[in-house]
Every structure is written in structure tokens, then in C-alpha cells.
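Dear colleague,

I am handing over the structure below, and my notes on two parts of it follow. Please read them beside the model.

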Amino acid sequence: MPRFSVIVPCFKVQGFLRECLDSVLDQSFRDIEVVAVDDCSPDGCGAILDEYAALDERVRVLHLEENVGLGRARNAGLPLATGDYLFFLDSDDTLTPGALRAMADRLAEAEDPDVLVFDYARTYWWGGTRRNVLAQVLAETDRTFTAAERPEILDLLMVVWNKVYRRDFVEREGFTFPPGYYEDTPWTFPVMFAAGRIATLDRICLNYRQRRQGNILSTTSRKHFDVHAQYERVFAFLDARPELARWRPFLHAKMGEHCLDILSKPDRLPPSDKAEFFRRTAEMFRRYRPEGAQTPAELRVLEHGYAAYRLRRGSGRAGRELGRRARQARGAAAGRLGRVRTAVNVRRPLDPDLVVYSAFSHRGVLGDPGAIHRKALEIAPHLRGVWVVRGEEEAALPPDTEHVLLGSAQYRRTVERAAFLVNNVNWPWAVPKRPGSVHIHTHQGTPLKYMGADLLGRPGARHGLDVPQMLRRADRWDHSLVAGRYAERVWERAYPCHFSSARTGSPRNDVLVNAGPQDGHRVRERLGVPDGHTVVLYAPTRREYRRGGYVERIDPARLAADLGEGHTLVVRLHPSLAAGPARGLGLAELHRRGVLIDATDEPHVEDLMLASDLLITDYSALMFDYVLLDRPVLIHADDWAAYTASRGTYFDVTAEAPGHVSRSYRELAWLLASGAWRDEEAARLRSAFRDRFCEYEDGRAAERVVRTLLLGEPMPEPVGVPAARPVPAVSGRDLLTSS
């Protein structure tokens, strides 16, 4: 008996069917069967299914003699299913890699619940991807529950395909699909109401394809009237189950919301049928209204006529248009006022002791600006340091940090009077370059990939980026901090502006250069790393050749397993991927289960480097900083040709790497298991890399910036990296065992 029966009804999807089937059959979890139902499709679906069945014994095909529709096609596949769990997959959607393994693991952990609800992402025909906006609901508990205990689970999209169902539960309850549109409604609500144990999986397991055309529910027809009959079936289910009567008010409201949503869509109902649809919805809303129930404000329109509904819809559109125009007018007025204010306020004298800081687009006391600020408090306490932050970052600031909120009147007054402005990204246009003020730009790392003006010949890499405007903003820089002569040459080439290069080193890296053997211990404790574990930090960067930037080059679950006992894998995605769907593709769930540590949200990446024993990366600038610890680095460059062709790089890191290079996962696993990652050649490569790219990193960069650029005091230029010395791993052992 297989663990999963994947039921795939097929009708007029020949262009998507192979991708769907491949996404199922290529899963690493193979204890499955596929029940494919050819719903008398007039295209090539039947032949494609027969082809797959001939090649893979896990595929069974049922050819229907007439077209019965999606719901009844699923019903036709049910008697053929023998798996523990049923999964109804639409034939134009796809599973994400590792999805079935994640489901199987979660089901085992939850001891076979009735229903498992998992996450999905919408993938659009134009290439975009958007995660389910209510994904947080799936992450709020590890326990099983009922819908009554956590009714917010019913706020998720009520469809059949974002869940798997225990087969004996479905058979015992007699659940089947009715004919017609919206057939998911009388399946999902009864299933969720009746389930005794529901579990969730905070992982994107399915890509829900948003087709430009061909979506049945986007077809204009009277078939959308089917929704009324579907809700009639759910109310009948409740009538037959007195113990579920508590759900009637909820279902009553959901029915009203759903029908009004259909009515509001321009591509659903023929215009001549909308009045009738409204009247039938309103009649049903009155008939099923629970005694004593209060009508929500947004549904009161159903208590009046269609004319009142149209009037309200029209006034709503007019109000939104007036609001849009008002916002435009306010924006234009604010722009004019801002120009006037700048012209007036630049006459205020500069405050010679005022230093304004910002980092990573106003995210807090971080990076090079943070290191400079801390050193200034130590050796120049008379300087007043003020941070510019966004409102959502205010609560995370260190205690007693003087700050202003971006865009506020206090922010404008502060930046107008500052003698010094320190940032690692460009300041907004609202920050003027006043005569006598000093702008210090710190950058965010030593560059491997093309930056600035060098992106002009890379249209894919500079998508959405106005390079000429970026250079005009960079014209405000007075000083550009550099870590070595290589970085100096690159920044002066990439930003042909008016600054001078300051050979200071990178202030954020002082903590790495001066690190002792116990400096990462606090971080390891906070992350929950067991005592004695060897910590492997995996830090991939984004890809410009893929919309959204995320390409999973290494399966983190496999890497964690291959590292074996006594090791902890810490994963840090590129900050630009932190809020996208990347973490939903397994990382969050692996973190919850303790397979690895997702440290993407850790604000200070220097802490993660101090806490780790080995860095595995691809093309992240983190490598230039990590070598200062004299700990091993592995470069995983399996897509180097594609990366350099799309983004452009200043040198071939595979030829001049800070450690050994792998071109496949098999090579990476060999480097880890054989011990080659820490051999003499690895040490030689690391030393040569550090000598070439880190020559100004002497551990006094922050002091040098404060003394020479803020205080105007003399201080010797760095003469080179201090003598290389490996910092012992915090665990007391810095060797990976064979995996």
C-alpha cells in the first residue's frame, strides 16, 4: 500500500501535463501511486498519460468515455486509490521539489492526522511568483487540532489541492465531489468541519499556476450560478450533523462573501445575468440566516435590492478614484514643498559634531555604519550620532540609540544640519549634499559581481535599476571605504563619481580580525547549537537569471543529513530573498523540525561567521570577510557559466578561490567526507585570497574612519592583514567527520 495516492484529472491541459507529472514522479519520495483520469480530453492528454504509464509502473490511467467535469473525474479516480493518503492535484499545477518527502515526514510526526494542510505559491504566466499571504497561519502550531479549536485555518483558500486526506477518514465519512463549478466548496468545508485531527505544514509544496487564459472559473457563463447549489449541499451536510450546528453562522457569512466576490469579478457572469445572480444570492442569504445572527457590515448590501448594490459599487469606485487623485495631488504638493524647504533650510549652519547614520535602507544599527558608530561613542563621545530608521525597525534598536524616523520632520531637520553622513547604500534624493558636509559611503562588501556603471551592458542584471540616477546619487559621496587595492579599482570603475577612496579597511570586519576562540560562543548558545557541534554556514546568493532571484542549488535537507551527527547546518539566504517564497520552499519547516537553523533573519552576519567552523557559499561577498577568520571556505559553483553570463563578474572565482571548488553536489559531498576541505591546499588558497583582497583589513578600520574622516586626526594607513592565525572553533574541534 503506497503512502500517497495522487489523483490527477486531465482535460485540455496537454501543454502543462508533462510538467505536472514530472513534478510528481521525480520526487525523492517514491512511495506513491498516480491515478490519472483522462476526462475524455479532446487534445493529446490521453496519449501523454498512456506514455507515462508505459514508462512508470506507479502510474495508472483511467480513460472516461464522456466528459464529466473536474469533480466527478476525481470521484472516478477514488476507487482506484489504495494509498494511505489522497492528494488531488490539478493537472496544470506542479509539486515543488521535496514536497512529498516533507508531507510524509510531517504526517509521521503528527501521527497520521485526518487532514494535512500545506502551503502553496501562485506562479503567474508572466513569470512572477507570490506566496500565500496567509502562510503564517500554518506556522502557528506544531500540534494537531480541530477547526473549532483554530477557526483561522478556514481563512485559508478553501480548495481541495492544498491538503492531503487520510483515505479511511474520507471513506468513513463518504465524502465525494458534486458536479458543476465550485465543486471544492462542498468537499473542503465538510472535510474541515468533520476532521478530528488537522495538522499543518509550513512549506510551499505546490505551485498554483495562474494561466493567462484557459482557467475554467475565469470563463464568462451562467455556470457560475452553480455556487448556490454547492452551498446548499454544505448546509444540508450541517443539517445532517447536529453536532456541527455551531458552524452555520460562519458558513452563512462565507457564502455571502463568496457570492459577492463572484459578482464583483468582471470575467465571471454575463452582464445580463448579474441582477438575477444577486437576487438568488440575497434570497439564499435570507433563507439560511441563523436566528439572531448579526449581519456583518460588508454583507448588509444583500438585505437591499440590486439597484442599491450597484449604487454602492459605483460610489466605491468613485471614492477610490478620488482618493487616488488626492494622493497624487498631495504627493505633488509635498514635492514642491520639499524643494522649497530644501532651498530655505540649507541656510541653517551645519552642526560640526552631528553624525547621521543609516544602514541597509534604514534597517538599524548594522554593518560598517554600526561599527563606526560604536567606535565613535568610545573615542569621540562629543560627537552626536543619530540613526535614520524605518518605523518598523524602531523597536529593535539598541537601548538609548538616538534616532529619527525616515520621512519625518525631525528627520529632515537632522540630515540638513549634519556635518557627517554615513551610509552603506545611497541616501534618498531628499538628503541634499550641502557645502561643507562630508558623505562617507561604506559599501556592503568586496564586489565579485558587476556593480554600478558596469551593469549598463547587463540588461537582465539591472532590471528595474536606473543606473544613471544611481550614479547621480553617488556624486554626493566624499569618501568610499575600501578593503584593498582590488576593491579600490572596482569601485572607482563602477562608480565614476567625485569621491576619493579611503584606505581604511572595512569597519564591520574588525570583530573578525580581532576574534578570539570564544567570540562565537554567545551566538551558538542563542541559536541553540549543541555543545561540541561543528557548525557549517551555508550562504548562497541570489541569481539574476531567475525572476525572484532564488535558485536552490543545494538541497539543505540532504546536506544536513550528509553532514551527519555532531554537525549543525546554519543557512542564511541573501537578504533580498528573506521576504519572498524561498523560505517557504522547505527552509522554515526544516528549521521547525530541528534539521537545520534558518538564520536568514539574523541582523549581524558577523556573529554567524564567528559561530561557524566552515563556510559553504557560491558567489556571495561573504567569502571576502570570512577568510579573515582563517577558517575553511568551500565554493559551490555548479552554475558558474550561467551566473557570470547573466550578472557579470570581475574575476573568475573558480580559478582564484578562497578554498576548494565543487561543480556538483557529488563533488561537494566528497570534499566534505574526504577531509580535503581542510587540507594544506585549502589553507594555501585561503591565504592567497586573503592577501589579494583584504590587504587593508588590520582590525582598526572603525578607529581609522573616526580619527581620520570624522576628527581629522592623522593615523597610519594599514600595512597589511595581521599574521594569519586560525581561530579555533568554539566547540574545541574544527574538523568535520566523514559523512
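At 0% relative accessibility, S5 counts as buried, a word used here for under 20% relative accessible area with a 1.4 Å probe and protein chains only. The model is predicted, so local features need pLDDT of at least 70 and side-chain atom pairs count only at pLDDT 80 or more, while totals for chains, interfaces and linings use all residues. Residues are numbered from 1 along each chain as its sequence is written, and side-chain values use heavy atoms, with hydrogens and water left out.

S5 lies in strand β1 (residues 4-10), where strands are DSSP runs of E of at least two residues and helices are runs of H or I of at least four, numbered from the N terminus. The S5 side chain reaches the backbone nitrogen of T82 at 3.3 Å. Leaving aside residues up to four places away in sequence, S5 touches E33, A81, T82, G83, Y85, L86 and F87, contact meaning heavy atoms within 4.5 Å.

Strand β17 (residues 534-539) pairs with β18 in the parallel sense over five bridges, pairing requiring at least two DSSP bridges, and V536 has L569 as its bridge partner. On the other hand, β18 and strand β19 (residues 597-598) pair in the parallel sense over two bridges, with V571 standing opposite D598.

Best regards

How values were computed
Buried < 20%, exposed > 50% of the residue type's maximum accessible area, 1.4 Å probe, protein only. Polar contact = N/O pair within 3.5 Å; in protein donor to acceptor, adjacent residues only side chain to side chain.
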